[in-house]
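Have the 3D view open as you read.

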Amino acid sequence: MKLFKCATFNVNSIRSRLHAVIPWLNEKRPNVLCMQETKVDNDHFPVEAFREIGYSLLFSGNKEGRNGVALASLNEPDHYITGFPSEPMDADRLLVAQFSGITIINTYVPQGYSIDDARFQYKLEWFKRLKEFIRADIGFNHNVLWCGDMNVAPTDLDVTNPKSKKDHVCFHEDAKKAFHGVVALGFVDLFRKHHPDEPGNYTFFDYRVKDAVSRRIGWRVDHIMVSTGFARYSEACYIDLGPRLAEKPSDHTVLVAEMFI
DNA sequence: ATGGTAGTAAAACTA
């Protein structure tokens, strides 16, 4: 049995976060790091900084400097896909990498803006499209890790003041239901498996809330969802605040899964 | 908190 470590991190601009990402990656050496909100187009992704410490890179951004997903890995993937099979492809939000025996799905789910906005309906639809994509094109005949910024806090344990957030796009009942629709395909929330009933564990702290981290005002919206069969082989799942200690941290934190393979 | 900050860019827009 070997350990396969997979991490996910919304970097909020990879070029502004290299100083925090590269030292962390070089110290912890996970097999895979999924990144979201890289905010860089494919011609300007800082691949060299990753290659210097022995990581291969997949990245899929856009020309507008928004969104963007990437995947750094110790081994080259056998195969990869960016975006959905049909329009709108959202290649800057979905990246799938196939390694021997493990499929990694890296998503940056649309935030939704406001529950009365068309972008919220787009978010709900996005989960439906993801569900169909996973069901039809990926399947569960092998080990699957679905990682990323899902922009959904699944339960009351996952936000600071649940009563005040019923109409928030990341906590509205419809958002939770859409998210759970994908989960119901056969995923386990790995952080919750290892930390059942434990409140106050957050992966996102709004820059606009003063001293959010020390006051524990945050959201658990970044997740590692593991196919049910594979979830039996987990060793640990934890939030790593390491990159938060750097100057100018991201508003998100790193989430790590350790799997026996 | 009907704020707040940080990122993209080069004035708003998104989170």
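## Ground rules

Helices (H or I, at least four residues) and strands (E, at least two) are DSSP runs, numbered from the N terminus. This is a predicted model, where local features need pLDDT of at least 70 and side-chain atom pairs count only at pLDDT 80 or more, while totals for chains, interfaces and linings use all residues. Residues are numbered from 1 along each chain as its sequence is written, and chains are lettered from A and ligands numbered from 1 in the order in which they are written.

## The whole chain

Chain A has six helices and twelve strands.

How much of chain A is buried? The share is 42% of the 261 residues. Here, buried means that 20 or more other C-beta atoms, placed from the backbone, lie within 10 Å of a residue's own; exposed means 12 or fewer, and partly exposed is in between.

## Two helices side by side

Helix α3 (residues 118-138) and helix α4 (residues 173-183) have axes that come within 8 Å and cross at roughly 5°. That makes α3 roughly parallel to α4, a label for angles under 35 degrees. Axes are lines fitted to C-alpha atoms, for helices over the stretch in contact, with angles from 0 to 180 degrees between N-to-C directions.

Among the residues that meet are Leu124 and Phe127 in α3, and Ala178 and Phe179 in α4. Contact means C-beta atoms, placed from the backbone, within 7 Å.

## Next to the DNA

DNA strand B is surrounded by 13 residues, and the closest are Ser13, Gly65, Gln111, Tyr207 and Arg208. "Near" means that a residue's C-beta atom, placed from the backbone, lies within 6 Å of the strand.

Ser13 is in the loop between β1 (3-10) and α1 (14-28). Ser13 has a positive phi of about 85° although it is not a glycine. With 14 other C-beta atoms within 10 Å, Ser13 is partly exposed.

Arg29 sits in the loop between α1 and β2 (32-36). Phi of Arg29 is also positive, near 50°. Meanwhile, the peptide bond from Glu87 to Pro88 is cis, with omega near -10°. Look for Pro88 in the loop between β5 (79-82) and β6 (94-99).

How values were computed:
Angles under 35 degrees count as roughly parallel, over 145 as roughly antiparallel, 65 to 115 as roughly perpendicular and the rest as oblique. Two residues are in contact if their C-beta atoms, placed from the backbone, lie within 7 Å.
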